[in-house]
Amino acid sequence: DRFKIDFKTWQAPDFDLNIVLEEGLLQTDKDFKTVITKLKESGAEAIYMPLYPAGALAASKQMKEMDVNLPILGGDALDADDFIKTDYSEGVIYTIAKINTPEDFKARVKTVQGFENLEVGLGAPLGYDATMALINAIKRAGSTNREAIKEALKQTNFNGVSGKIEFDSVGDLKQVSYDVKVIRNKKSVYR
């Protein structure tokens, strides 16, 4: 049973949330003990941890060592074997964009010398489509003038590798949806 969130149409319920601690961290940080101590004293009931796998692993390990057993929530950066296949990721819940990665696109990537054995992940179709959107905007703008490109990007409308690429009035993709996953037994599964 997959839980899907479409943030364009989803209305957030009134959760009556209270942020009890907010800390800034660098992706290169490896020692989280001071923040974890503050977290223990804060009365928090859950943790939102937007870290890359190495930092998330270090933080999760230190939380376990310091007997902090709160639910951990994160984003798509946690969808990596470097984090998932560890003893410290069990029960972590994260969101990940639903991205179409067609088999023919994966096959094209693998024809590039040196990429024959590459596991084509989430970033490949996104990066490709972002590059194509920019190239097309530069062509339509007829110059490399920033304002002209910005205006041309607003008019972007094409079918990319990952799906329809079209922006709304604030510059977000019009068609975006997310899945919620949870890590169980060193595997990422749909929640």
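Student: Why does I183 count as buried?

Tutor: Happy to start there, keeping in mind that this is a predicted model. I183 has a relative accessibility of 0%. A residue is called buried when that value is under 20%, so I183 counts as buried.

Student: Where does I183 lie?

Tutor: I183 belongs to strand 7, which spans residues 178-184.

Student: What is I183 in contact with, leaving aside its neighbours within four places in sequence?

Tutor: Here contact means heavy atoms within 4.5 Å. Once its neighbours within four places in sequence are set aside, I183 is in contact with F83, I84, S89, E90, G91, V92, Y94 and S188. Take G91 from that list: G91 and I183 are 92 residues apart along the chain, yet their C-alpha atoms are separated by 5.2 Å.

Student: How do you know that A97 is buried?

Tutor: The relative accessible area of A97 is 18%. The limit for buried is under 20%, so A97 is buried. You can find A97 in strand 4, residues 93-97. Leaving aside its neighbours within four places in sequence, A97 is in contact with L122, S177 and Y178. Q27, by comparison, is 70 residues from A97 in sequence, and the two C-alpha atoms are 21 Å apart in space.

Student: What about D67: buried or exposed?

Tutor: D67 has a relative accessibility of 57%. Exposed means over 50%, so D67 counts as exposed. D67 sits in the loop between helix 2 and strand 3. D67 also has a positive phi, about 60°, although it is not a glycine.

Student: And N185: buried or exposed?

Tutor: The value for N185 is 65% relative accessibility. With the line for exposed drawn at over 50%, N185 therefore counts as exposed. Its place is the loop between strand 7 and strand 8. N185 is not a glycine, but its phi is positive, about 50°.

Student: Let's turn to helix 1. Which residues in helix 1 are buried?

Tutor: Helix 1 runs over residues 33-42, and V35, I36 and L39 are buried there.

Student: What puts them on the same side of helix 1?

Tutor: The arc they cover around the axis is only 100°, which puts them on the same side of helix 1. On the other side of this helix, T34 and E41 are exposed.

Student: What do the buried residues of helix 1 pack against?

Tutor: They pack against strand 2 (47-48) and helix 2 (53-65). After helix 1 comes G43, with a positive phi near 85°.

Student: Which residues in helix 1 and helix 2 meet?

Tutor: From helix 1 there are K33, I36 and L39, and they meet A59, Q62 and M63 in helix 2. Sorted by class, this contact has four nonpolar, one polar and one charged residues.

Student: How do helix 5 and helix 6 pack?

Tutor: Helix 5 (residues 123-141) packs with helix 6 (residues 146-154) at an angle of about 115°, their axes being 8 Å apart. The crossing is right-handed. In helix 5, A133, L134, A137, I138, R140 and A141 meet A148, I149, A152 and L153 in helix 6. By class, that contact has nine nonpolar, no polar and one charged residues. Arg counts as charged, and R140 is among the residues meeting here.

Student: How many helices and strands does the chain have?

Tutor: There are six helices and eight strands. Along the sequence their pattern reads β-α-β-α-β-α-β-α-α-α-β-β-β-β. The C-alpha atoms fill a box of roughly 60 × 40 × 35 Å along the principal axes.

Student: What share of the residues in the chain is buried?

Tutor: Of the 191 residues in the chain, 28% are buried. As for contacts between residues at least 6 apart in sequence, 57% join residues at least 24 apart.

Terms used
Residues numbered from 1 in each chain as written. Predicted model: local features only at pLDDT ≥ 70, side-chain atom pairs only at ≥ 80, totals over all residues. Heavy atoms only, no water. Buried < 20%, exposed > 50% of the residue type's maximum accessible area, 1.4 Å probe, protein only. Helix = DSSP H or I, 4+ residues; strand = E, 2+ residues; numbered from the N terminus. Arc of directions from axis to C-beta. Axes fitted to C-alpha atoms, helices over the stretch in contact; angles between N-to-C directions. Left-handed = near helix turned anticlockwise from the far one by under 90°.
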